[in-house]
Amino acid sequence: MSSFVTEVLINSGKLEKENLSSKISKLSRKIDDTKAEVSCMLNKRYNDLLPRLEVSEELLVQVDEVSTEMDTLKKHMETQVQPNINDAAAEYTKLKQQLERNALLISLLGHLREFHYAMEKANKSLLEKEYVDAANELERARTCMESLKAWKDTELPLINALRSELIMQRENLVYHLGEEWKQLVIWKLPPLKEPENVAFLLKVELCLSHNSAKESVLQALAIQRDLPCKINLFSQVLLKYMLKPLILHPSLSVSVKKQQGEVVVLTFNKRKGCHEEHTTPSQVYREVLKVLKTLHENLDVAIGDKMLSTILGEQIWEELSRCIIHECLLHSIPTKSSQLEKYNTVIKETEEFEKALVEMKFLQKESTNLLKYARDVNCHFANKKSLDVIVVARKLMLAQMHSTVKITPESKLRLPKLPTPDKLPRVKQEVPSEQASPDNLPRVKQESPSVEISPMPTTENESQLSPWTMCLPPCRISESVQNLMELALNTLEEAIKSSPQCASQLFFTVRNMFEFFYDVVPTYHKENFLKFPHLAAIQHNNCMYLAHHFLTLGHYFRPHLPQPFNEGLFTFVDMVPAFRKLGAQCFLNQMNIQKGEMLERLSSAHNFCNLDDADNNKAAGKAVRQVIHQLKQLGTVWQDVLPPTIYCKAIGTLLDTAIMEIIAKIMMLEDISSEDGEHLHVLCQRIIEEGPLLFVPLTDDDKNKKYQEEVPLYVKKWNALKELDILLLANLLEIVDRWADSKGPLALEFTSKEVKSLIRALFQNTDRRAVAMTKIK
């Protein structure tokens, strides 16, 4: 039986076309043969051309007939065959499209059938609590639904109905899985209205049920992509109410109990007699492992290519390790370098903790950030030590400065015992601390260390310095500054016992601490330094005390520091000028304030003129009394605080300012009556009598006599005041005698112009005055 294609080709003229083509081919071959024969005959028998001309003409006629027949056949083919071919092609295309549409419809019906079977099996499996099969079937139904969505040519209401059916069936499965999950993991939390303290945490319970269907439930949740959400929520609650409390509260421990029905309950217990501020790493590791091991034993199943422990570990590890580091390991870092060796126990415990987590699949690898932090103890020790030092230093700098300690040349500096560098000859000699190092801190219980020094050759009649040459003079400093220096010494002692990295960091911490003092103290206590002369004097001493120790502090520790700190480039000498200037400027500001107050009081004396008037005389006397009283008050607060020489210079400068102001005002008077002269003499005498009594830098009055006898050394205008006091009551002859041709004591204090001006004010214009004036030159 002929095929459908054959019939179509026959009907379309395909076979007829083939017959015509065959006939044309035969005719063509006949023409070619004829042409060849004619050519051959022409070549061979040219001479016989004419006799055979008739034959050739007949052949040519035959050729023309064949060509005509060929043209006729071509025209016939174009008019008859070509339309049939186009119709056949169109029909073929139509049939092909129909075939493809039928194939797509068959595929669609197959997906519908598979969807139907998957939904039936899922429903059946769910009834039988075969959750994994139900989840797989729903996943297969979802795949079929995705294939149905890809059919773009139509939007059947049937597809929307199937989609709704799939959603309802999936929600049904999720509901059942959620109920099963609630049976596996049960949290019992107190009302959230209660504060989350230890009492609150003691009511927290975690119940784990050893259900035989747990593996099926967990795998079905994973297939439905709901497991990550469940694990995420569980991990957050686990961290907040179970793991973090074990890290934050040293008094808590976890208890694991088994109840009937294979239920495991985790609760908190309160440790008795626990007064620790922070949990120890060993306690944290022990309690956390107890919780995680219980979870591993009761919940761990394979989820695809991972274990449930691995998924849970990925959720909690980052936050858990961060909490352990900041709330436990950070506080376990030693505060002394001698304790660093014992910290190896913590490092080993951390290694074992992570190893246990790897074995339970909570971690994929060892050496995480937790272990790295524990192993980096030297760096953390330096950071913690530096931070602690800065914190303590800051408290000392911001503390009140009224509490002071006495510094004397006999005060000793507590220096750590350091080994003598090998390059020095070991000649052991006991040296007082103030000679071994020119530092003078208050006495402490620990004595100065023995210092091994090389013997120095001596020559006959060689001059020797006093043992107190490089010592601070007696004064008072703030107790906080004394503690600050002790802190610096302790930190440098830790530096030389630590690793090179720690040593460098601690060395710069000490420098930063003093730079912090330089910036903070003058700013924080600025108002007090300006308001209270006592504090300004203490700040002056504090700065001079620190600058004094900077001279030798670095040199004492330098040979024992690692390179490059032991090469002489790293000391504290560069800070000496800045601290000296800081202390001097603070005291100078207070001196300027005192000068201003004193000049203001003297301004109320009406320029010391017309003292025969009762009011003017009273005002002048009051001004002088106030100045002396002000200086006495300063002497009281500065006595036993400032070094004696600084005290005398300060009181002398202020007294000299007052005397200069008084002398200047008297010298400006144009007319001084005898009564005025007597009143001025009384005022000058009061200053001359009470001035030396201001120089009492020591509490022992007998030791102050030498300072009172040396008043002219500290008050530049003291002798000028005494000379002026003499002139106020002297006659012309006595004035000329004290001038003594510019060689007398009067000429040492006043110029000729000043003396002449004073003579004009004291004496009337007479011949005797004129003669005296000629001798003052």
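**View 1. Helices α8, α9 and α10 around the largest cavity of this predicted model.** Each of the helices α8 (227–248), α9 (281–299) and α10 (308–332) supplies at least two residues of the lining of the largest cavity; helices are DSSP runs of H or I with at least four residues, strands are runs of E with at least two, and both are numbered from the N terminus. A cavity is a set of points, on a 1 Å grid over the protein atoms alone, where a 1.4 Å probe fits but cannot get out, and lining residues have an atom within 4 Å of a point. The structure holds six cavities of 30 Å³ or more, and the volume of the largest is about 90 Å³, where a volume is the space filled by probe spheres set on grid points that are joined across faces, edges and corners. Among the residues that line the largest cavity are W181, F234, H296, D300 and F362. Sorted by class, this lining has eight nonpolar, two polar and one charged residues, with Ala, Val, Leu, Ile, Met, Phe, Trp, Tyr, Cys and Pro counted as nonpolar, Asp, Glu, Lys and Arg as charged, and the others, Gly among them, as polar.

**View 2. An open sheet of four strands.** The strands follow the order β1-β2-β4-β3 with antiparallel pairing, two strands being paired if DSSP finds at least two bridges between them. At the edges stand β1 (185–188) and β3 (252–259), each of which pairs on one side only. From one strand to the next the twist averages 20 degrees; angles run from 0 to 180 degrees between N-to-C directions, and axes are lines fitted to C-alpha atoms, for helices over the stretch in contact. Eight bridges join β3 to β4 (residues 263–270), and K257 has V265 in β4 as its bridge partner.

**View 3. Helix α8 on the sheet.** Helix α8 touches β1, β2 (205–209), β3 and β4, and its direction makes about 55 degrees with that of β1; contact means heavy atoms within 4.5 Å. Helix α9 lies across β1, β2, β3 and β4 and runs at about 25 degrees to β3.

**View 4. The loop residue D640.** D640 lies between α20 (614–638) and α21 (644–667), and although D640 is not a glycine, its phi is positive, about 70 degrees. Most residues other than glycine have a negative phi. D640 counts as partly exposed because its relative accessibility is 21%, between the limits for buried (under 20%) and exposed (over 50%), found with a 1.4 Å probe on protein chains only.

**Numbering and limits.** Residues are numbered from 1 along each chain as its sequence is written. In this predicted model local features need pLDDT of at least 70 and side-chain atom pairs count only at pLDDT 80 or more, while totals for chains, interfaces and linings use all residues, and side-chain values use heavy atoms, with hydrogens and water left out.

Technical notes. 1 Å grid on protein atoms, 1.4 Å probe; cavity = no way out; pocket = protein on both sides within 12 Å on 5 of 7 lines; lining within 4 Å.
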